[in-house]
Amino acid sequence: MLNEEKKGNDTSEDKILFQTKIFDVVERYQIGQSGQKHPRYVVRNKGAVAILPILPDGRIILIKQFRSPAQRYIYEIPAGTREIGEEPLKTAYRELIEETGYHAGKMDLLCSFYSSPGIFQEELFLFRATDLVPGESALEDGEDITLVIVDRDQVRSMIRKGEIHDAKTLLALLTIFFPEFPENLGDC
């Protein structure tokens with residue numbers, strides 16, 4: 001996982017400016033090279049997981065989901081926010097079932113990474129799910145998700161056409177097209 005040791009020159013405890021069920025916005029200060037304090041605004045949450053589901057025949061399960069911030073449907077891999085105290089692996093199994101209905105016989109951690117470390121404190125854990133067995137999904141109220149099952153050529157075409165805009169999904173798909181990639185991921 002990512003190095004948890006605090007580094008840098010943050011000088012203060014976080015001051016909560018805005019709080020929701022999913023995330024907080026906090027203010028903290030960082031000391032510049034001149035010694036001057038600079039405010040930094042950070043979005044904190046409990047962390048999240050993303051899952052790359054691969055069927056026994058090699059096809060990939062994507063989801064097509066309406067994303068309000070983007071105001072459009074986005075192709076992506078299943079993902080979700082961790083519950084307080086929940087281990088990433090448990091979250092990955094839960095989210096895969098909730099969003100796709102598939103149960104994974106095997107779940108491998110590929111890496112962990114920060115999606116946008118300039119503003120988000122969220123650590124994302126990327127898993128590959130295999131030995132999949134279909135079942136019933138358990139979508140949350142308000143989730144608008146359609147399963148899209150594609151082979152490697154189809155997903156490669158989707159990338160070339162600019163149909164996949166989600167960074168975590170693009171990173172996950174790199175592990176398919178570059179088989180040596182997973183051994184060298186480390187912390188991404």
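**View A. Glu86 and Arg94, both buried.** Glu86 and Arg94 are each buried, where buried means under 20% relative accessible area, exposed over 50% and partly exposed in between (1.4 Å probe, protein chains only). Their side chains meet in a salt bridge, 2.7 Å from N to O. A salt bridge is taken as a side-chain nitrogen of Lys or Arg within 4 Å of a carboxyl oxygen of Asp or Glu. The structure holds 11 salt bridges.

The model is predicted: local features need pLDDT of at least 70, side-chain atom pairs count only at pLDDT 80 or more, and totals for chains, interfaces and linings use all residues. Residues are numbered from 1 along each chain as its sequence is written, and side-chain values use heavy atoms, with hydrogens and water left out.

View B. The closest N and O atoms of Arg67 and Glu76 are 2.9 Å apart. Arg67 is partly exposed, at 31% relative accessibility. Glu76 is buried, with a relative accessible area of 1%. Salt bridges with shared partners join Arg67, Glu76, Asp166 and Lys168 into one network.

**View C. The salt bridge between Arg44 and Asp14.** The side chains of Arg44 and Asp14 meet at 3.0 Å, N to O. Arg44 belongs to strand β3 (residues 37–45) and Asp14 to the segment before β1, so the pair ties together parts that are 30 residues apart in sequence. Helices (H or I, at least four residues) and strands (E, at least two) are DSSP runs, numbered from the N terminus. Both partners are partly exposed: Arg44 has a relative accessible area of 21%, and Asp14 is at 28%.

**View D. A nonpolar surface patch that includes Phe18.** The patch is formed by Leu17, Phe18, Ile22, Phe23 and Tyr41, which together have about 480 Å² of accessible area. Phe18 is placed in strand β1 (residues 15–19) and counts as partly exposed, at 46% relative accessibility. Patches are made of residues with over 30% relative accessible area and no salt bridge; like charges are joined within 9 Å, and nonpolar side chains (Val, Leu, Ile, Met, Phe, Trp, Tyr) within 5 Å. Accessible areas come from the Shrake-Rupley method with a 1.4 Å probe, and for residues only the protein chains shown count as cover.

**View E. The crossing of helices α2 and α3.** The axes of α2 (residues 152–160) and α3 (residues 167–177) come within 12 Å and cross at roughly 135°. Axes are lines fitted to C-alpha atoms, for helices over the stretch in contact, with angles from 0 to 180 degrees between N-to-C directions. The two helices are therefore oblique to each other; angles under 35 degrees count as roughly parallel, over 145 as roughly antiparallel, 65 to 115 as roughly perpendicular and the rest as oblique. The crossing of α2 past α3 is left-handed, meaning that the near helix is turned anticlockwise from the far one by less than a right angle, whereas clockwise would be right-handed.

**View F. Cys111 and Ala172.** Cys111 lies in strand β8 (residues 103–114) and is buried, with a relative accessible area of 3%. Its C-alpha atom is separated by 9.7 Å from that of Ala172, 61 residues apart along the chain.

View G. Gln71, a residue other than glycine, has a phi near 55°. Gln71 lies in the loop between β5 (60–67) and β6 (72–76) and is exposed, with a relative accessible area of 58%. Asp131 is not a glycine either, and its phi is positive at about 55°. Asp131 lies in strand β9 (residues 123–133).
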